[in-house]
Structure formats: structure tokens, C-alpha cells
Amino acid sequence: MNRVRELVGASEIYRMGYDGTGIGVAVLDSGMDPQHPDLKGRMVYTYNYIGRNQNGSDDCGHGTHICGIIGGNGIRRKISGNCAGVPFCIPESIGQDGKWK
């Protein structure tokens, strides 16, 4: 993650006080674990396009991993994402088999 931050110039943005707060991010993937310590309390919308319901929890962990890269706060893994303040919109669209539905 440090290499990515360096490549995109994130240090300057952090010094200016920006952390993604107030900017929603939609992640179309396998869902997100709403109880993950690095992401807890930041799922503001979810819809499961596979099961056609409001349960966007992650079946295989991939979507949660991607959300952590984008905006994990580092509580559990001690590595924070690039925008640790973002809220997430999770339209689950990839099944356990890794295929788009």
C-alpha cells in the first residue's frame, strides 16, 4: 500500500486533511463483510443482484478485500486503505464462483 500511495501522491492529499470522508464509493464485486473491523459501520447501501435482496454480505471475501484496499481504516490489519473515511455502496454482483451475474 505504501508504494501505491507514493505513486499516486496520496501523502500530499493526506497532509491537506482529506481521507475520503463524504465521498461514497460503489464497489461492484462479491459484496462486503459489514462486520469487518476495518470497514464496520461504513456500508451505507447494499443490494444483492444475485439473490435479489438487501443482503450484500460477502460470500467469498474478494469484495471485502477490495473495499479494504480502497478504504480500510487499519484497525485489524494495521494497514489502511487509500481513503479510510469513505462510505461504501455495495451492489453485490459477483457470485461465489467469481462470475458476474
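Of the 101 residues of the protein chain, 35% count as buried, where buried means under 20% relative accessible area, exposed means over 50%, and partly exposed lies in between (1.4 Å probe, protein chains only). Please keep in mind that this is a predicted model, in which local features need pLDDT of at least 70 and side-chain atom pairs count only at pLDDT 80 or more, while totals for chains, interfaces and linings use all residues. Residues are numbered from 1 along each chain as its sequence is written, and side-chain values use heavy atoms, with hydrogens and water left out.

**Overall build**

- The protein chain has three helices and three strands, taken as DSSP runs numbered from the N terminus (helices are H or I with at least four residues, strands are E with at least two).
- Read from the N terminus, the order of these elements is α-α-β-β-α-β.
- The radius of gyration is 14 Å, close to the 13 Å that the globule rule gives for 101 residues, so the chain is as compact as a globular protein of that length. This radius is taken over C-alpha atoms, and the globule rule is 2.2 Å times the number of residues to the power 0.38.
- Along the principal axes, the C-alpha atoms fill a box of roughly 40 × 25 × 20 Å.
- Among contacts between residues at least 6 apart in sequence, 76% join residues at least 24 apart; a contact means heavy atoms within 4.5 Å.

**Surface**

- The protein chain exposes about 6,200 Å², and carbon and sulfur atoms supply 55% of it. Accessible areas come from the Shrake-Rupley method with a 1.4 Å probe, and for residues only the protein chains shown count as cover.
- A nonpolar surface patch is formed by I13, Y14, M16 and Y18, which together have about 400 Å² of accessible area. Patches are made of residues with over 30% relative accessible area and no salt bridge, joining like charges within 9 Å and nonpolar side chains (Val, Leu, Ile, Met, Phe, Trp, Tyr) within 5 Å.

- Side chains of opposite charge can pair when their charged atoms come close.
- The model has one salt bridge, defined as a side-chain nitrogen of Lys or Arg within 4 Å of a carboxyl oxygen of Asp or Glu.
- E12 and R15 form a salt bridge, with their closest N and O atoms 3.0 Å apart.
- Both residues lie in helix α2, three residues apart, about one turn of the helix.
- E12 is partly exposed, with a relative accessible area of 41%, whereas R15 is exposed at 62%.

**Two buried residues**

- L39 sits in the loop between β1 (25–26) and β2 (43–48), and with a relative accessible area of 1% L39 is buried.
- Not counting residues up to four places away in sequence, L39 touches M32, T64, C67, G68, G71, G72 and F88.
- L39 and N73 are 34 residues apart along the chain, and their C-alpha atoms are separated by 6.9 Å.
- V25 is in strand β1 and is buried, with a relative accessible area of 19%.
- Leaving aside neighbours within four places in sequence, V25 contacts I70, V86, P87, F88 and C89.

**Aromatic rings**

- The structure holds one aromatic pair. The rings of Y47 and Y49 have centres 4.8 Å apart and planes at 70°, so the pair is edge-to-face.
- Rings of Phe, Tyr and Trp (its six-membered ring) pair if their centres lie within 6.5 Å; planes under 30 degrees apart count as stacked, over 60 as edge-to-face and the rest as tilted.
- Y47 is buried at 18% relative accessible area, while Y49 is partly exposed at 38%.
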